[in-house]
Amino acid sequence: MLVLGIESSCDETAAAVVEDHRVRSNVIYSQVAVHERYGGVVPELASRNHVTKILPVVTSALEQAAVTIGEIDGIAVTQGPGLIGSLIVGLETAKALAYAFGKPLVGVHHVEGHIMAIFLQRPEEEREMPDFPYLALAVSGGHTSLYRVDDWGRYRALGTTRDDAAGEAYDKVAKMLGLGYPGGVVIDRLAQGGDPRAIAFPRPMLNKGLDFSFSGIKTAVRYRLEQGGAPSSEQALADFVASFQEAVVDVLIHKCITAAQGEGVRDVVLAGGVAANSRLRAKFADSAPEHGLRVFATPLAYCTDNAAMIAGLGLHYLAQPRPMGFLALNAYANLPIGACSTSHG
Ligand code: KG4
Ligand code: ZN
């Protein structure tokens, strides 16, 4: 089955063609250059940019996959959660294409796309896959949540952040240090030359249930900068960001281990933009065996926002059509997991 995926929930305009979990194309137009001077995503600018980029991105995805829209079996689009103006651009484009070319359409959940992206493969690739049930950590700029995943479409939320998402903490700390936007990649790179034990930043709510809190780490960073001033050398900066990163990574790993053991599952999947973090991937891979766990980190190309994960998820829902007109599909800024993927043409 050939599925065209469309994703526009935040500041990436993305389209992809997936054939039975084999990614034939994965095109992403990033708006980072538009938003970086503001230190964060400006919703109105994001929507306007999606409008101008969505059709060229869809066209490139079809071209790179060497297929025509006529050959596509169905279209999947992100229905939520996300920035409402941004979501509407992808959703209405998908509806128009589905209507004009007579294709079935399914609206899917963005975070569900992230936690199922682990199954995406390049055309010739073979890799070991997690077994159901598994624990999924969805960790990005907008989300930090733990799910028990029993099967496609069967999820149970176990914990979530009470304040900032982990990626948001990376981005805000990078902003405080004048490192630019988005901050995750820059901190990841700088931290590689630093000492993660240099500064003992707090690990909030470490042994208190499965919810997260990252605003405390961010506040500790701010106090430290106000009291001690900005790091005075390249090494001091590397030590500072490595120590911040270690606090975030320790909390994420600890909660995953606690949740996996509590649920009696062996496999843990890391998904979302922060799952691209090199320290999180390496430290978890090192410590997992001693806890009897196997860690599966989503391939880097499918960690940050992309449409291959939307197409890969849509494949499952398109295979079980339900009688509902897709022209009635709405976008939702807030959307619980499991609440969409129900409307098809
Ligand atoms: O999944 P994503 O593209 O968008 C959301 O759904 O939010 O995640 C973006 C977030 C940003 O906060 C970014 O700073 C963070 O993921 N990020 C990283 C890394 N790459 C992206 N954080 C830590 N280390 C990275 N290598
Ligand atoms: Zn995302």
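Predicted model: local features only at pLDDT ≥ 70, side-chain atom pairs only at ≥ 80, totals over all residues.
**The zinc site**

The zinc ion (ligand 2) is held by His110 (NE2), His114 (NE2) and Asp305 (OD), at 2.0 to 2.1 Å. Four donor atoms surround the zinc ion (ligand 2). Their angles run from 95 to 141°, so the arrangement is irregular. A tetrahedral label would need all angles between 85 and 135 degrees.

Along the chain, the donor residues follow the spacing H-x3-H-x190-D. His114 sits in helix 4 (residues 110–116). Asp305 sits in the loop between strand 10 (294–297) and helix 10 (308–318). The pair therefore ties together parts that are 191 residues apart in sequence.

| Residue | Relative accessible area | Class |
|---|---|---|
| His114 | 2% | buried |
| Asp305 | 14% | buried |

Both values are under the 20% cut-off, so both residues count as buried.

**Lys103**

Lys103 belongs to the loop between helix 3 (84–101) and strand 5 (105–109). Which side chain of opposite charge is nearest to Lys103? That side chain is Asp73, 6.3 Å away. Lys103 is buried, yet has no salt bridge. A salt bridge would need a distance within 4 Å.

A polar atom of the Lys103 side chain lies 2.7 Å from the backbone oxygen of Gly70.

Conventions: Residues numbered from 1 in each chain as written. Chains lettered and ligands numbered in written order. Heavy atoms only, no water. Helix = DSSP H or I, 4+ residues; strand = E, 2+ residues; numbered from the N terminus. Buried < 20%, exposed > 50% of the residue type's maximum accessible area, 1.4 Å probe, protein only. Lys, Arg positive; Asp, Glu negative; His and termini not counted. Polar contact = N/O pair within 3.5 Å; in protein donor to acceptor, adjacent residues only side chain to side chain. Donors = N, O, S within 2.8 Å, 3.2 Å for Na, K, Ca; no water. Tetrahedral: all angles 85-135°; square planar, octahedral: opposite > 155°, others 65-115°.
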